[in-house]
Amino acid sequence: MSEQFDLIVFGGGSAARDAANKAAREHGARVALVERARWGGSCPNVACTPTKAYLVAAELAHDINVLAPRIGIEAGPATTDLARVRARKNSLKKPQDQWVSELMEQGFDAYSGEASFLDARRVRVGEVVLEADRILIATGSRTAVPPIDGIQEVGWIDHVAALELTELPKSLLVVGAGAVGLEFGQIFRRFGSQVTIVDALDRISPNSDAEASAMLAAALEEEGIEITVSVFVKAVRRDGDEVVATIAPRDGSPEYEMRAAQIMLASGRVPNIEELNLGAAGVETNKGGIVVDEHLRTGVPGIWAAGDCAAGPQFTPVAQYEARIAVADMFGADAPTADYSYLPTSIFTDPELGGVGLTEEQAREEGHDVEVVRNEYVKRFSYIDAHHGLFKIVFERESRRVLGVHVVSRNAGDIVQGLSLGLRLGATVDDLASMHHVFPTFGEGVKAAAERARTPVAAH
């Protein structure tokens, strides 16, 4: 005998909860959520929220040690008690039983356990069978473990384990120069560890604008972070209290060794889909996750997927956005199609690297006749003794429509997200140059860049 629902949601994270809320509130649906390990999902438990608590602590330690003496404040030296940082981080988290009780108070059925398909309409959770005509898969992702010889024997950590450390490693080798690797690399450097970041690609943050990546790399290197790109970590082994990594350059140069007290993996994510028995339902997957269309439909009628487990951008706001589209579609509410054209993103280092729209490289690859203007300084930089900044606008030559904005600065994420709407509405570089800005702010750097665009000559 199975339990009947209007919607079954695999997962208890951001996409799952948004989907359940929308389905119940707007369509009166009876919803079951199934979570195997972490109610609330990664973001509030082991990713966005706790990570930013560490970033705030690291920025404070840095400003006390570096900025304060320069501006007449005697407060240092600041040292990090990692156990107390961890304790404060934990105090900001909602307990697991509270997540479940709140979901149940909202009228949802919450099942703790591994969900697996029996067929396209029935799901098993332990000894219980659930049934629905609509199923949303929103099981998230986890750290990818690269094919490094010996990696399982050396005791690697990822962002989840790093947030549980109570003692600061003397040195840290970070494998991966994306957002997670860069943020944690700077956190631990500012806490007091010696940090090396390595990546197989030819620059850090490879999805960002190349100039912005280079500017951020310069800022991180100025803090003493060693960055090595275009190399693979071929093998690792333990030597006493150290991890010894064999580094293989991509250009065929001789291999060499790096040593660190700890190794952190941050080179990508893999979807949590292996235990779902997707084959029983006929759901198609690829390397990026579950294959979906622009409505988040899988190839099986009645089954949708959203968030990190679906092939596409892996961000919490995107997961929530996709979940809402999926629910609108499954209940016939004239759902829009998913559009990631003007998706603002940010790496929360200091300075942050924020971007929205096309990078210069992408714009040229798409065949646009591109012009670029840039600015590297605003007055606010002088107050915090910042030496590395960038405000870059990519725009189309003839129409002067802005194609992308890329910022390296404190508060870069706040700057670019506000410009996302402008890009969507077709703002031109002249619009940015003529708009009013607040002085002195970090955001005025965009206006300063726009003012450097050549004014088109009127025809006579």
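1. Let's start with helix H5, residues 96-105, whose buried residues are Trp 99, Val 100 and Leu 103. Looking down the axis of H5, you'll find these buried residues within an arc of 95°, so they line one face of the helix. Keep in mind that this is a predicted model.

2. What do the buried residues of H5 pack against? Their partners are helix H1 (14-27), helix H2 (42-46) and strand E4 (109-112). On the face turned away from the buried side, H5 carries the exposed residues Asp 97 and Glu 105.

3. Trp 99, one of its buried residues, has the charged end of Lys 94 sitting over its ring, 4.0 Å from the centre. After H5 comes Gly 107, with a positive phi near 100°.

4. Now the aromatic rings, which form nine pairs. Phe 184 and Phe 188 make a stacked pair, with 6.4 Å from centre to centre and 25° between the planes. These two sit four residues apart in helix H7 (residues 179-191), so about one helical turn separates them. Phe 184 and Phe 188 are both buried.

5. Phe 381 and Phe 442 are another pair to look at: their ring centres are 6.1 Å apart and the planes are at 40°, so this pair is tilted. Phe 381 belongs to helix H12 (residues 379-384), while Phe 442 is in the loop between helix H14 (429-434) and helix H15 (444-450), so the pair ties together parts 61 residues apart in sequence. Both Phe 381 and Phe 442 are buried.

6. Finally, back to Phe 184 and Phe 188: together with Tyr 54 and Phe 191, they form one aromatic cluster.

Methods
Residues are numbered from 1 along each chain as its sequence is written. This is a predicted model: local features need pLDDT of at least 70, side-chain atom pairs count only at pLDDT 80 or more; totals for chains, interfaces and linings use all residues. Side-chain values use heavy atoms; hydrogens and water are left out. Buried means under 20% relative accessible area, exposed over 50%, partly exposed in between (1.4 Å probe, protein chains only). The arc is that of the directions from the helix axis to the C-beta atoms. Contact means heavy atoms within 4.5 Å. Rings of Phe, Tyr and Trp (its six-membered ring) pair if their centres lie within 6.5 Å; planes under 30 degrees apart count as stacked, over 60 as edge-to-face and the rest as tilted. A charge sits over a ring if NZ of Lys or CZ of Arg is within 6 Å of the ring centre and within 35 degrees of the ring normal.
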